[in-house]
Amino acid sequence: EFYDCVEEKNDVGIYISYIQLEGDIPGVDDINRRLKEETTYFADDYRENKEHILDVLDETGTGVYAEIKSYVTYNTENMISIAVREDIQLGYAYREVAIRSYNINLDTGTILDNTSILDFDDGFGGEFRDRSNKQNGISDGAIEPYTDDEILSMLENENTLILFYTPLGMEVGYNYNGDTYTGWITITMQDYETYLSTL
């Protein structure tokens, strides 16, 4: 499904796509409600706080731009994975780039907690760094500012962890907040089954 809000006079452009499931899935209406609410939240926030946001932008310059796109990265009879890429900019003062991920057990109709899927040992922060450097090259903003323990902490935090299935394995990473920027980084784990949680 799609939602657009374009206000040329206010220099506002909000473009959103969100996934809605169909079929004999337990709790499908609740799943769809959550997927919609958590993907269109920025548009809802803009509508509710429009006057204040536009007042701030009058002072800082430029307008509101948001592009939030949803992708199905994996789909079987039992599991679907959805990645949502967010790029939100408010004037010159604020920009957020992030990935949100949803893994849904279609047999039970459950949106899984991402942190419940894999178990990382204490040394995985350093291993993630090594794998990322091999797969992505050196990434000054995403890897270098953080210690191995800080990387592990972001991978174990539901609010920052990125985790979704793909045909090539599992994509695993985190969203980060730097001093003047936000971003995300992931690695492809073909050996993810060795890390699956036994809970």
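A residue is called buried under 20% relative accessible area, exposed over 50%, and partly exposed in between, with a 1.4 Å probe and protein chains only. The model is predicted, so local features need pLDDT of at least 70 and side-chain atom pairs count only at pLDDT 80 or more, while totals for chains, interfaces and linings use all residues. Residues are numbered from 1 along each chain as its sequence is written, and side-chain values use heavy atoms, leaving out hydrogens and water.

Tyr-65 is partly exposed, because its relative accessible area is 34%. This residue lies in strand 3, which spans residues 64-75; strands are DSSP runs of E with at least two residues, helices are runs of H or I with at least four, and both are numbered from the N terminus.

Ser-70 also belongs to strand 3, but counts as buried because its relative accessibility is 12%. Its contacts (heavy atoms within 4.5 Å) include Ser-17, Tyr-18, Thr-39 and Val-84, not counting residues up to four places away in sequence.

Turning to the helices, Asn-32 sits in helix 1 (residues 28-39). With 9% relative accessibility, Asn-32 is buried. Beyond residues up to four places away in sequence, Asn-32 touches Ile-19, Gln-20 and Leu-21.

Which residues of helix 2 and helix 3 meet? Asp-45, Tyr-46, Arg-47 and Glu-48 in helix 2 meet Lys-50, Ile-53 and Leu-54 in helix 3.
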